Amino acid sequence: MITIEEIRKEFPLLEGLNQDGCKLVYLDSAATTQKPRQVIEQLTNYYTTTNANIHRGTYDLAEKATRDFEKTRTQIQQFIHAEKPEEIIFVSGTTEAVNLVADSYVEPILNAGNEIVVSAMEHHSNLVPWQQLCLRKNAKMQVLPMNEQGEIRLEKLADLLSGKTKLVAVSHISNALGTINPVKEIVSIAHEYGVPVLVDGAQNAGHHRTDVVDLDCDFYAFSGHKMYGPTGTGILYGKEKWLEQMRPYRYGGEMVKAVRFEKSSFKELPHKFEAGTPNIAGVAGLQAAVAYIENLGIEYISEHSYALLNYATEKFLQIRGITIIGQAASKSGIISLTAKDIHPHDMSTFLNEYGIAVRAGHHCSLPVMEFFKIPGTTRISFGIYNTTKEIDYLVQCIEKAIKYFA
Ligand code: PLP
């Protein structure tokens, strides 16, 4: 069994010291994870051994680049347990995946008076595209509420669904609260009303098992950079039956079969959604990230996340003045907190002095902050490289901050 020290050695950025000579304590993996050496080396490896454009050249190098790219598609399909590689669309991240579904699936079927349901704890990426679409089409965005613990009020879902509803869009895990949502139940209820479901899996895919067939979700969106892979990579999974009937999202090279001045015809899945030159190097890096996760084992990663969550939660509950925002029964390795009336930005600036990187603010989830009537939180989020020692150090520094600002 690999030790945490061995894991940490694989992340070059964690080895370095900051300008004050402190080792970095990186607790912002929900924003983006650090990258293991395997991913970094794969990027260089791609450019030094394989670089060529894909799906067009007939020479060996181009064919190798194409083969590797398509192999990654199959690898991702297996990673999320999708049925077919054609259901895997490479995009730049969760944000683009959601916008793709908004534009290509929902927009053409959304009429005035129709509805889209989102949860009360969505990241802006899975809220604003729906809100703007509803505004454009004179449709209505319905909000599935949450309770004071930061849990979705599942019993309210059926009341929001009707023949007018065109989509339910919900996060698998809230980036602001850490809540793991009952996605399978949400899908099952929505399907009783014939409504498809998009799951924003940005905070899940790198940390816990993802099985899109078991969830039976219609779309699943996630970002490579939140699962130890490169920035600018992401995946939209869609059930073939939906992707087939959807119009392309962007138009250009390599997504067309035939082009005349009057009209064009488009390629089959998945290529009709991948216009232009994709992030080939990034996808090579994503391949290494998924291999890295699979090598460690997603169960191992998931258990590590729960262990750190439980350890830190227990510690924070003992500090007077700390309030944990989001106390759902089912949580992932994300803790949002407030400390007395210390502004989160002051807290994070203070912690930065001690080499600790945490996120402060609204975490692109302003409605969540409004619900809890707070300007923001200090958010601690874990990756596979974090240790209980780091949590002890964080706790000490937060206690110092509370004294300092008193
Ligand atoms: N959804 C959730 C739950 C997130 O946490 C994030 C990023 O923090 C996003 C969507 C957007 O991801 P990206 O910026 O990679 O598109």
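Predicted model: local features only at pLDDT ≥ 70, side-chain atom pairs only at ≥ 80, totals over all residues.
View 1. Put together, domain 1 and domain 2 bury about 3000 Å² between them, and 58% of that is on carbon and sulfur atoms. On the domain 1 side, K35, I298 and F371 lose the most area to domain 2, and together they make up 19% of what that side buries. If you're wondering why we quote an area here, it's because the size of an interface is often given as the accessible area lost when the parts come together.

**View 2. Stepping back to see which part is which.** Domain 1 comes in two stretches of the chain, 4-35 and 298-397, while domain 2 covers 40-295. Their centres, taken over C-alpha atoms, sit 27 Å apart. Count up the contacts and you get 41 residues of domain 1 touching 34 residues of domain 2.

**View 3. What kinds of links cross the interface?** Look for salt bridges between domain 1 and domain 2 and you'll find 0. Polar contacts are another story: 25 residue pairs make them across this interface. On the domain 1 side, the elements giving two or more residues are α12 (298-317), β12 (334-339) and α14 (366-372). The residues on that side split into 22 nonpolar, 14 polar and 5 charged.

**View 4. A look around the ligand.** There are 13 residues around the ligand, and T95, D200, S223, H225 and K226 come nearest. Zoom in on T95 and you'll see a polar side-chain atom 2.6 Å from a ligand oxygen. H123 uses its side chain instead, placing an N or O atom 3.4 Å from a ligand oxygen.

Definitions and conventions: Residues numbered from 1 in each chain as written. Heavy atoms only, no water. Domains from an automatic or database assignment. Contact = heavy atoms within 4.5 Å. Buried area = accessible area lost by both parts, 1.4 Å probe. Salt bridge = Lys/Arg side-chain N within 4 Å of Asp/Glu carboxyl O. Polar contact = N/O pair within 3.5 Å; in protein donor to acceptor, adjacent residues only side chain to side chain. Helix = DSSP H or I, 4+ residues; strand = E, 2+ residues; numbered from the N terminus. Nonpolar A, V, L, I, M, F, W, Y, C, P; charged D, E, K, R; others polar. Near = heavy atom within 4 Å.
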